[in-house]
Amino acid sequence: MKGLIIFLTLIIVSIQLISAGGVGISPASYKEFLEPNLTTPFSFNSFNAYPTKGVNTYVKGDLAEYVNLSTNYMLGGGEFTATINLPEKIEKPGIHTILIGVIEALKDINVTVGGIAAIQGRIDIIVPFPGKYAESTFVISDINEGEDAEYKITSENLGSYDLKINSMIEIY
(Lines give C-alpha, C1' and ligand atoms only; values in the text may rest on other atoms or scores of the structure.)
Protein backbone atom coordinates (compact mmCIF):
# COMPACT_ATOMS: atom_id res chain seq x y z
CA MET A 1 0.00 0.00 0.00
CA LYS A 2 2.83 2.37 0.88
CA GLY A 3 4.46 1.70 -2.51
CA LEU A 4 1.19 2.59 -4.28
CA ILE A 5 0.98 5.93 -2.44
CA ILE A 6 4.58 6.78 -3.40
CA PHE A 7 3.89 5.79 -7.02
CA LEU A 8 0.74 7.95 -7.20
CA THR A 9 2.61 10.89 -5.63
CA LEU A 10 5.34 10.60 -8.28
CA ILE A 11 2.72 10.52 -11.04
CA ILE A 12 0.99 13.66 -9.70
CA VAL A 13 4.30 15.53 -9.39
CA SER A 14 5.36 14.44 -12.90
CA ILE A 15 2.09 15.62 -14.45
CA GLN A 16 2.75 19.10 -13.12
CA LEU A 17 6.07 19.16 -14.98
CA ILE A 18 4.64 18.16 -18.37
CA SER A 19 4.86 20.77 -21.08
CA ALA A 20 3.38 20.78 -24.56
CA GLY A 21 3.01 23.57 -27.06
CA GLY A 22 1.53 24.15 -30.44
CA VAL A 23 2.68 25.54 -33.75
CA GLY A 24 0.86 26.18 -36.99
CA ILE A 25 1.54 26.96 -40.63
CA SER A 26 -0.59 28.34 -43.41
CA PRO A 27 -1.40 27.85 -46.18
CA ALA A 28 -1.41 24.08 -45.95
CA SER A 29 -0.41 23.46 -49.56
CA TYR A 30 0.55 24.83 -52.96
CA LYS A 31 0.54 23.15 -56.38
CA GLU A 32 2.86 24.13 -59.24
CA PHE A 33 3.52 22.60 -62.67
CA LEU A 34 7.16 22.18 -63.66
CA GLU A 35 8.54 24.82 -66.00
CA PRO A 36 12.21 24.72 -67.03
CA ASN A 37 14.39 26.70 -64.60
CA LEU A 38 11.34 27.81 -62.61
CA THR A 39 12.17 30.21 -59.79
CA THR A 40 9.25 31.27 -57.64
CA PRO A 41 8.64 32.24 -54.01
CA PHE A 42 5.95 30.69 -51.81
CA SER A 43 4.81 32.63 -48.73
CA PHE A 44 4.04 30.85 -45.48
CA ASN A 45 2.85 32.17 -42.14
CA SER A 46 3.67 30.36 -38.91
CA PHE A 47 2.70 30.83 -35.31
CA ASN A 48 3.59 29.47 -31.91
CA ALA A 49 1.05 29.02 -29.12
CA TYR A 50 3.61 30.72 -26.88
CA PRO A 51 4.51 34.05 -28.58
CA THR A 52 7.66 34.44 -26.46
CA LYS A 53 9.05 31.11 -27.73
CA GLY A 54 10.68 30.64 -31.09
CA VAL A 55 10.10 28.34 -34.04
CA ASN A 56 12.64 26.82 -36.41
CA THR A 57 11.87 26.30 -40.09
CA TYR A 58 13.02 23.37 -42.21
CA VAL A 59 12.63 21.72 -45.63
CA LYS A 60 12.19 18.01 -46.46
CA GLY A 61 11.08 16.04 -49.47
CA ASP A 62 11.90 15.02 -53.03
CA LEU A 63 13.15 18.40 -54.20
CA ALA A 64 14.37 19.91 -50.90
CA GLU A 65 17.78 20.67 -52.43
CA TYR A 66 16.15 23.26 -54.70
CA VAL A 67 14.54 25.27 -51.87
CA ASN A 68 15.91 28.26 -49.93
CA LEU A 69 14.14 29.56 -46.83
CA SER A 70 14.19 33.26 -45.99
CA THR A 71 14.80 32.45 -42.32
CA ASN A 72 15.67 29.48 -40.12
CA TYR A 73 14.31 30.92 -36.86
CA MET A 74 11.49 33.27 -35.82
CA LEU A 75 10.45 34.45 -32.39
CA GLY A 76 6.81 33.49 -31.87
CA GLY A 77 6.27 32.91 -35.58
CA GLY A 78 5.62 35.18 -38.52
CA GLU A 79 5.80 35.24 -42.29
CA PHE A 80 8.62 33.58 -44.21
CA THR A 81 9.30 32.65 -47.82
CA ALA A 82 10.35 29.37 -49.42
CA THR A 83 11.91 30.11 -52.80
CA ILE A 84 12.27 27.21 -55.22
CA ASN A 85 14.90 27.22 -57.99
CA LEU A 86 14.05 24.17 -60.11
CA PRO A 87 16.38 22.70 -62.73
CA GLU A 88 15.62 22.70 -66.44
CA LYS A 89 14.37 19.11 -66.32
CA ILE A 90 13.34 16.51 -63.74
CA GLU A 91 13.56 12.98 -65.10
CA LYS A 92 10.95 11.22 -62.97
CA PRO A 93 7.39 12.21 -63.95
CA GLY A 94 4.61 12.56 -61.39
CA ILE A 95 4.03 14.59 -58.26
CA HIS A 96 7.10 15.57 -56.26
CA THR A 97 6.40 16.83 -52.75
CA ILE A 98 8.39 19.45 -50.87
CA LEU A 99 7.55 19.75 -47.16
CA ILE A 100 8.02 23.14 -45.52
CA GLY A 101 7.90 22.77 -41.76
CA VAL A 102 8.00 24.68 -38.51
CA ILE A 103 8.98 23.15 -35.18
CA GLU A 104 9.19 24.57 -31.69
CA ALA A 105 12.71 25.81 -31.02
CA LEU A 106 14.56 23.64 -28.50
CA LYS A 107 15.84 26.59 -26.47
CA ASP A 108 14.63 27.04 -22.89
CA ILE A 109 12.94 23.66 -22.51
CA ASN A 110 13.26 22.82 -18.82
CA VAL A 111 10.70 20.07 -18.24
CA THR A 112 10.87 16.48 -17.14
CA VAL A 113 8.30 15.18 -19.63
CA GLY A 114 7.29 17.06 -22.72
CA GLY A 115 6.73 17.13 -26.40
CA ILE A 116 7.90 19.21 -29.31
CA ALA A 117 5.19 20.42 -31.68
CA ALA A 118 5.85 20.49 -35.40
CA ILE A 119 3.77 20.90 -38.54
CA GLN A 120 4.39 20.91 -42.28
CA GLY A 121 2.92 22.62 -45.32
CA ARG A 122 3.49 21.15 -48.74
CA ILE A 123 4.42 22.28 -52.20
CA ASP A 124 3.55 19.76 -54.92
CA ILE A 125 5.60 20.07 -58.10
CA ILE A 126 3.90 18.25 -60.96
CA VAL A 127 6.27 16.88 -63.59
CA PRO A 128 4.27 15.90 -66.71
CA PHE A 129 4.23 12.30 -67.90
CA PRO A 130 5.33 11.86 -71.53
CA GLY A 131 2.39 11.76 -73.96
CA LYS A 132 -1.24 11.71 -72.89
CA TYR A 133 -1.92 11.04 -69.22
CA ALA A 134 -4.78 12.11 -66.97
CA GLU A 135 -6.00 11.20 -63.50
CA SER A 136 -9.62 11.51 -62.46
CA THR A 137 -11.56 11.13 -59.26
CA PHE A 138 -15.26 10.52 -58.86
CA VAL A 139 -17.04 11.16 -55.57
CA ILE A 140 -20.69 10.50 -54.89
CA SER A 141 -22.56 10.54 -51.59
CA ASP A 142 -24.62 7.68 -50.19
CA ILE A 143 -28.28 8.18 -50.92
CA ASN A 144 -31.58 6.44 -50.42
CA GLU A 145 -34.04 5.58 -53.15
CA GLY A 146 -35.79 8.68 -54.46
CA GLU A 147 -33.16 11.14 -53.24
CA ASP A 148 -31.09 13.32 -55.56
CA ALA A 149 -27.43 12.38 -55.72
CA GLU A 150 -24.68 14.97 -55.56
CA TYR A 151 -21.48 14.02 -57.32
CA LYS A 152 -18.16 15.52 -58.24
CA ILE A 153 -15.77 14.60 -61.03
CA THR A 154 -12.27 16.03 -61.04
CA SER A 155 -9.78 15.42 -63.85
CA GLU A 156 -6.20 16.61 -64.04
CA ASN A 157 -3.99 16.53 -67.12
CA LEU A 158 -0.64 15.22 -65.92
CA GLY A 159 0.75 14.52 -69.39
CA SER A 160 2.83 16.57 -71.77
CA TYR A 161 0.04 16.80 -74.42
CA ASP A 162 -3.09 18.92 -74.20
CA LEU A 163 -6.25 16.94 -73.52
CA LYS A 164 -9.95 17.59 -73.92
CA ILE A 165 -11.95 15.63 -71.39
CA ASN A 166 -15.65 14.87 -71.73
CA SER A 167 -17.43 13.00 -68.97
CA MET A 168 -20.75 11.22 -69.00
CA ILE A 169 -22.53 9.57 -66.10
CA GLU A 170 -25.22 6.96 -66.61
CA ILE A 171 -27.10 5.71 -63.56
CA TYR A 172 -29.18 2.54 -63.78
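**A strand and its neighbours**

Modeller: In this predicted model, N45 stands opposite E79 in β8. That pair belongs to the contact between strand β4, residues 39–48, and strand β8, residues 77–85, which pair in the antiparallel sense over 9 bridges. Another pair in this contact is F42, whose bridge partner in β8 is A82.

β4 also pairs with β2, again in the antiparallel sense, over 4 bridges. Here V23 stands opposite N48 of β4.

These strands belong to an open sheet of 4 strands, in the order β2-β4-β8-β6, with antiparallel pairing. At the edges stand β2 (23–26) and β6 (67–69); each has a single partner strand, so one side of each is left without a neighbour in the sheet. On average, neighbouring strands of the sheet are turned by 25 degrees against each other, direction ignored. Strands of a sheet pair through backbone hydrogen bonds.

The side chains are a separate matter. In a regular strand they alternate between the two faces of the sheet. For β4, the covered face has T40, F42, F44, S46 and N48. The uncovered face of β4 has T39, P41, S43, N45 and F47.

Note on methods. Residues numbered from 1 in each chain as written. Predicted model: local features only at pLDDT ≥ 70, side-chain atom pairs only at ≥ 80, totals over all residues. Heavy atoms only, no water. Pairing = 2+ DSSP bridges. Helix = DSSP H or I, 4+ residues; strand = E, 2+ residues; numbered from the N terminus. Axes fitted to C-alpha atoms, helices over the stretch in contact; angles between N-to-C directions. Buried < 20%, exposed > 50% of the residue type's maximum accessible area, 1.4 Å probe, protein only.
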